[in-house]
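Here is a short report on one protein model. Keep the sequence and the 3D view open as you read.

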Amino acid sequence: MPDLQASVDTPPVWFAAGYPLRAHNTFGFDVRARFACRVESEADLVAAIRDPRARGLRTLVLGGGSNIVLTRDFDGLVLLVALAGKRVAREDEHAWYVEAAAGENWHEFVAWTLAAGMPGLENLALIPGTVGAAPIQNIGAYGLEMAERCVSVRAIELASGAPVEFDAAACRFGYRDSFFKREGRERFVITSVTFRLPKLWQPNAGYADLAREIEQRNAGVALHARAVFDAVVAVRRAKLPDPLELGNAGSFFKNPVIDAPQFDALIMREPQIVSYRQADGRVKLAAGWMIDRCGWKGRALRAAAVHERQALVLVNRGGATGADILELAQAIQRDVLARFGVELEQEPISL
């Protein structure tokens, strides 16, 4: 795992001024950074933020760049997180505790845990991005959130260069939200995450499209974690575009959660609305369904478009700017608010 002294004698790699970021954001926006530095260890990170070139500059952290809309060139220092490594930190009779470095590819990490016989993350397969980005967004899919498996997060405080350990409570996880996305934004750089994977495995296959895929693939066969993983991959590939082929950041909007009285009034007007009752009495609405009903699926605004198979996904058809994507998003938000009285909140960070 990354060690603060691991590369103390080897300076981090700085790139030429005006470094292109097109390959470092999944929308494929053609923007540049004033400076960029590749970070392969915590020592690299500390050296970068203490470098005279970084003095007074704003800092942007990029891993896979799968949750950001870059609207312009970045007049600051971009830290390209490439910390690598994963290990079983410890285990007891109930669980494995697995630590992974922030630069590890998330999907490949999930596959590695399954190959090592440690299930528990299979519902989060094929989510783009890195391990370090997962706590920021509290990634989730098919009935599981990363917060349910996270034990702790290790980060470096930019102001001091000191390492800080956050337990799960300190991360303040919420629906697609965390301390690192709000109060901790631009204050800390995540370097590793530790997960608890229970040895008593229980399948989580309640979502209808996932259940159908599992039934088609495994009819009459005892369900196992790899089968869930394979089904999640198949469903996601059928519904979502590959960022390497069509620029996107996955789901662009959160599924809104509204109070029961508001839902009761809404369902009188929209009896077919897709909804999910929550444990606290509120109701989660399917944002994609509402966007589709507003007629946006497949529509475009210049080179920015709504994907034809999944209305939650906005795509760059080639040559779109971050401003184009945001203009499209705002038009969708206005229409959904006008018809349903519900405000959609975007998931990716805009910069």
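Helices (H or I, at least four residues) and strands (E, at least two) are DSSP runs, numbered from the N terminus. With those names, places can be given simply: arginine 172, for example, is found in the loop between β12 and β13.

## About the model

This is a predicted model, where local features need pLDDT of at least 70, side-chain atom pairs count only at pLDDT 80 or more, and totals for chains, interfaces and linings use all residues. Residues are numbered from 1 along each chain as its sequence is written, and side-chain values use heavy atoms, with hydrogens and water left out.

Start with helix α1, residues 42–50. Seven of its nine residues are buried, so the rest of the structure largely encloses this helix. Buried means under 20% relative accessible area, exposed means over 50%, and partly exposed is in between (1.4 Å probe, protein chains only). The buried residues of α1 are Glu42, Ala43, Asp44, Leu45, Val46, Ala48 and Ile49.

What covers them? The cover includes β1 (13–14), β3 (32–39), β6 (74–81), β11 (150–157) and β13 (188–198). Contact here means heavy atoms within 4.5 Å. Helix α1 lies across β11 and β13, and runs at about 35 degrees to β11. For such angles, axes are lines fitted to C-alpha atoms, for helices over the stretch in contact, and angles run from 0 to 180 degrees between N-to-C directions.

## A sheet of five strands

Strands of a sheet pair through backbone hydrogen bonds, either parallel or antiparallel. Two strands count as paired if DSSP finds at least two bridges between them. In this model, five strands form an open sheet in the order β7-β8-β13-β11-β12, and the pairing is antiparallel. At the edges are β7 (86–91) and β12 (163–167), each pairing on one side only. From one strand to the next, the twist averages 20 degrees.

Look at β11 and β13. They pair in the antiparallel sense over seven bridges. Glutamate 157 stands opposite phenylalanine 188 in β13.

## Salt bridges

Side chains of opposite charge can pair when their charged atoms come close. A salt bridge here is a side-chain nitrogen of Lys or Arg within 4 Å of a carboxyl oxygen of Asp or Glu. How many salt bridges does a search of the whole structure find? It finds 24.

One of them joins glutamate 42 to arginine 154, with the closest N and O atoms 2.6 Å apart. Glutamate 42 lies in helix α1 and arginine 154 in strand β11, so the pair ties together parts that are 112 residues apart in sequence. Glutamate 42 is buried, at 0% relative accessible area. Arginine 154 is partly exposed, at 22%. Another salt bridge joins arginine 293 and aspartate 292 (3.7 Å, N to O). Both are partly exposed: arginine 293 at 35% relative accessibility, aspartate 292 at 27%. Salt bridges that share partners also join Asp177, Arg182, Lys254 and Glu345 into one network.

Which value does phi take at arginine 172? It is near 50 degrees, a positive value in a residue other than glycine. Arginine 172 also forms a salt bridge with glutamate 183, where the closest N and O atoms are 2.8 Å apart. Glutamate 183 is partly exposed, with a relative accessible area of 41%.

Leucine 126 has a positive phi too, near 65 degrees. Its place is in the loop between α2 (106–115) and α3 (134–137). At 23% relative accessibility, leucine 126 counts as partly exposed.
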